[in-house]
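Reader: Could you walk me through how to read the fold of a model like this one? I would like the general idea behind each feature, then the case itself.

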Amino acid sequence: MINFKIDGISVEAKKGETILTVARKNDIYIPTMCYISKTTPCASCRMCVVEAEGVEGFVLSCNTPPTEGIEIKTNTEALENERTNIMKLYDVNHPLECGVCDKSGECDLQNKTLEFNVAKQNFSARDQSRQTKDWGLINYDPSLCILCEKCVHVCNEVIGDDAIDVQFGGYSSTIIPKNSDVLDCTFCGECIAVCPVGALVSSDFKYSANAWELSRVPATCAHCSAGCPLEYETRHSGINGDDSIYRVKNNFEFTSLCGAGRFGFDFDNKETKDEIAFHKAVEALKSAKAIRFSSMITNEEAHILQLLKGKFDIKLFNEDARKFQEFMRAYSSVSGKLHHSGSLDAIKQSDAAIVIGSRIATDNPAVRYALTTAAKHNGAKIVYAHPMEDALMQNTVTQLMKYEVGTEEGVIALLANAILKDADLSDEERAFFNDLDLGYLEAESNIGHEEISFMMKSFSRAKNRVLIIGNDLIAHKRSDNIAKLAAMIEKYSTFSLVVVPSEVNTLGVSLICDLEKDEDIIDVVGYNAKGNFIISSLAYANLAVPSLNQQEGTFVNIDNKVLPTNVAVGFDGYTLNDIASACGIEKANTVDYTKELNKSVGFKDIDFDGLENFLSPYGDDNRGYLLDEVLCKAEGKLDEVDDLPEFNGTIIYNANPVLQFNAYTNQAKQLEKDSTLRGSAQFAAAAKISDGDRVEISFGSKTLTREFKLDSELKGTIALNPTFDDVIDSSRYRFEKSKIVRVV
């Protein structure tokens, strides 16, 4: 620890901390304009300058570490003059458009102009002609830009797109798309979030409302299992109109959002009460043999479905959650505990990571951002194991392990064999690895000894390692043994384990509901899923219920945290709780079940209103609670690795494009809806099709028709087939042997 003083106050600094970070930890105010906690210092604004005893001139507190015994002053007359002059320079020819600027009321420039009492201007500069740029979902006004470079840093260091840059030219400097005429990125909108002025704004939100007119509703993103914190900002949509969501914001100092979370907010259900349909729904439930439901529900709704199962002695079908449940059950049989050890924060702090079985950039962008942070800030070595390359990961991945489709069990066995080479295993466990036919596994999986050795060498000095398991392993026919091998790696090595659930509440549902394998039977009620009678927040419902941005409740995210979400906009129809009450399972409100969630799997006896929902000034995530650890019997035995399958010919991979996750993002008006089959020139040649052809795709018992689009970023004979338009069951193993026929 380094001991020093700030404004006469004794403080301590850890290695790597700067004067600014220590000041903030001790509630000592130093003004900044370009600093953002989650990136390296931009060091472009000079607002954070301080005086250091024995040092001539001013010191930048944002990127200067303290030395033992030094005395720092943050608020002197000289510093006040310096910062005031900096603000005057910022204000030179800055357009006085505050009345119509979208940032007015929450603008750093506006706030600090007032803070430093800049009432007149001593400087002048020739005005420039600067054209506003329309970059799709994002608008850029260079005349408002102060060149703080926050957007550039966050795009490169956190998101990984590296899509924008500064074009230096003195007073004519501006932000431009990097190596492109147009903005080529994933449109996460994080540049909008961090922009301190109105230079980068949402094209859709522009000129629609002032910041002070909007009400903020803290909630949890409902699109993937990361459980990102966000705020829905709402306002009435007319003089006598109901409230509508105008935009989504996040605490950009410490968290990030993908584009679906930021721009895909308008999936609320606007249906009203239909008493006839309600009574039909109650009767359908009473006579049903099963309820089929999706994981796009709250824990409380899952609990109600479990109660309905018990009351009417019916089956619950949810293949997504059931497969996750079975995977984690096999994991627990070896690990001796119910929940995996890793988290998004563990990924951010890691210096070595393996991602296997997921197109992670689109499956779970928060994991991608955590990996980017680890790579950029910790120099982490990132191994990406998958049959397909991913251009979105090229700025982050240090080693690609391109294995053959279907060979995931063999690959995880090879990884475990290398990682656990010197581990203290039992004789039976060591015998399993001694009996592995490494030559066969390497030949059939296409992962050679050299690749494994290179990985182990690059990981040799790493201290914080993480293994990230995706849905391709969870849905694999050999998922039980894969789960046991992953548990072995976690149990006997320094790797923490992160298992990525596919939907927003796959994990919560898997803990709450007793699920059975889906059967092709009649008399099935569908809850946000297909059935003979459908109760859903989507358009095809026989009875409408609220969407997830219209509900109070909780989810369990990838970190094993129980996270609250709140009502952003109202719903005038019925809820699942109303249906349950009509069936004799009565509570006044759905969230009355929050404290009754199953304690044996880690839930706690806490009322919904007792759950915290905020981030601290230091970035601590004070939302909900972490599931209690639950110990299990570790009696599982590894099975012999099965013969590895072969996938020949044209193969499709069911994976969504950027910004799309499910039928709800498909409703959002701002999100691009690319439902084409995308493949390489090599795939097109193998399938005998061309760019723009209408094709019929057959796999298993499924047949669908799509337009084919050539994608220059893809290679090989695997094409990407989207699932967000609700034509594919996302719980299936995502690689499919397919027959492709051009529709004439």
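**Reading the fold**

Author: Happy to! The chain holds 21 helices and 35 strands, where helices (H or I, at least four residues) and strands (E, at least two) are DSSP runs numbered from the N terminus. This is a predicted model, in which local features need pLDDT of at least 70, side-chain atom pairs count only at pLDDT 80 or more, and totals for chains, interfaces and linings use all residues. Residues are numbered from 1 along each chain as its sequence is written, and side-chain values use heavy atoms, leaving out hydrogens and water.

Reader: In which order do the five strands of the open sheet lie?

Author: Two strands pair if DSSP finds at least two bridges between them. The order is β2-β1-β5-β3-β4, with mixed pairing. The edge strands, β2 (9-13) and β4 (59-60), each pair on one side only. Strands β3 (residues 49-52) and β5 (residues 71-73) run antiparallel, joined by two bridges. Lys-73 in β5 is the bridge partner of Glu-51.
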